[in-house]
Amino acid sequence: LPQTARYLKVPLIGLNAILWLLGLVLVIIGGVGVTFFSNFKNFVEATDATSELKNLSVSLPAGVLSIGVFFIILTIIGCAAAYKERLVMLVFYSVLMLVLLVVLIGIGSEAVTYHNDNIGEIVGENWLHVSKSNESKQITTLETFLECCGWNSVDPYTYLCENATAGVPKYKGIYCEDVLTEAISSKLYLVGVTGVIIGVIEFIAMLFALFMIIRICRT
């Protein structure tokens with residue numbers, strides 16, 4: 001390795017390698033989220049969707065995907081900057097990492113907020129509204145995708161469900177509120193946990209980068 005002490009360079013490269021993998025995890029989670037919620041596009045358009053529903057179905061998964069892509073690119077830059085001891089690259093890397101850390105905190109906080117909130121309430125009102133409207137076919141489409149029938153036992157609207165044989169709803173007794181809540185909560189939990197891990201490792205990596213910058217400036 002070049003001149004800078006290994007106790008600074010090797011950990012920084014190692015931390016960036018870990019962050020690269022975690023960035024890949026975010027890309028996968030974001031990609032899955034974007035694909036999952038793409039099935040809700042017509043449903044959202046058919047409702048007087050609240051900002052919460054739009055953020056949950058569009059902004060949040062797209063944000064997670066974007067951050068993952070930036071992390072993958074930035075960690076490669078970080079490894080190169082550490083190995084070659086490029087002062088400008090290290091400063092550039094540190095500044096962008098700080099910006100990404102702030103954005104990550106925002107996305108992570110939003111994910112935790114939605115995870116703790118009652119997702120059923122966010123989606124439920126719009127679901128029931130569409131069920132009673134001329135766009136009720138969107139509900140049938142979603143029920144087929146989610147493999148469920150009716151929103152819940154209180155407001156089932158089973159006549160919209162896909163029929164199997166003899167006119168019996170295909171997924172009778174499997175309510176969409178339960179299926180959707182479980183699916184979304186698990187993804188939000190992954191985003192929150194991954195975000196916390198990335199935030200901690202990213203902060204440590206920034207410290208090592210700062211120490212390298214100071215050492216290079218003094219030599």
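Two rings of Phe, Tyr or Trp form a pair if their centres lie within 6.5 Å. With this criterion, a search of the whole structure, which is a predicted model, returns five aromatic pairs. Ring pairs join F36, F37, F40 and F145 into a cluster.

Two of these contacts are worth a look in the viewer. A pair of aromatic rings is described by the distance of the centres and the angle of the planes. For F36 and F40, the ring centres are 5.6 Å apart and the planes meet at 40 degrees, so the pair is tilted. For F37 and F40, the centres are 5.7 Å apart and the planes stand at 55 degrees, so this pair is tilted as well. Planes count as edge-to-face only when they are over 60 degrees apart. F36 and F40 are both buried, and F37 is buried too.

Rolling a probe the size of a water molecule over the atoms shows where empty space is left. Three cavities of 30 Å³ or more are found in the whole structure. The largest cavity holds about 120 Å³ of space, and its lining consists of I29, G30, G33, F37, L60, P61, V64, I184, K187, L188 and V191. Helices α1, α3 and α7 are the elements that each give two or more residues to this lining. By class, the lining has eight nonpolar residues, two polar ones and one charged one.

The second largest cavity has about 50 Å³ of space. It is lined by L26, V64, I67, L104, I107, G108, V191 and G195. Here the elements giving two or more residues are α3, α4 and α7, with the largest share, three residues, coming from α4. This lining has six nonpolar and two polar residues, and no charged residues.

Turning to individual residues, K9 sits in helix α1, which spans residues 6-38. K9 is buried, with a relative accessible area of 0%. A polar atom of the K9 side chain lies 3.5 Å from the backbone oxygen of Y83.

E85, in the loop between α3 (51-84) and α4 (87-116), has a positive phi near 55 degrees although it is not glycine. E147, in the loop between α6 (137-146) and α7 (176-218), likewise has a positive phi, near 60 degrees. E85 counts as buried at 16% relative accessibility, whereas E147 is partly exposed at 46%.

Technical notes: Residues numbered from 1 in each chain as written. Predicted model: local features only at pLDDT ≥ 70, side-chain atom pairs only at ≥ 80, totals over all residues. Heavy atoms only, no water. Phe/Tyr/Trp six-rings, centres within 6.5 Å; stacked < 30°, edge-to-face > 60°. Buried < 20%, exposed > 50% of the residue type's maximum accessible area, 1.4 Å probe, protein only. Helix = DSSP H or I, 4+ residues; strand = E, 2+ residues; numbered from the N terminus. Polar contact = N/O pair within 3.5 Å; in protein donor to acceptor, adjacent residues only side chain to side chain. 1 Å grid on protein atoms, 1.4 Å probe; cavity = no way out; pocket = protein on both sides within 12 Å on 5 of 7 lines; lining within 4 Å. Points joined across faces, edges and corners; volume = space filled by probe spheres on them. Nonpolar A, V, L, I, M, F, W, Y, C, P; charged D, E, K, R; others polar.
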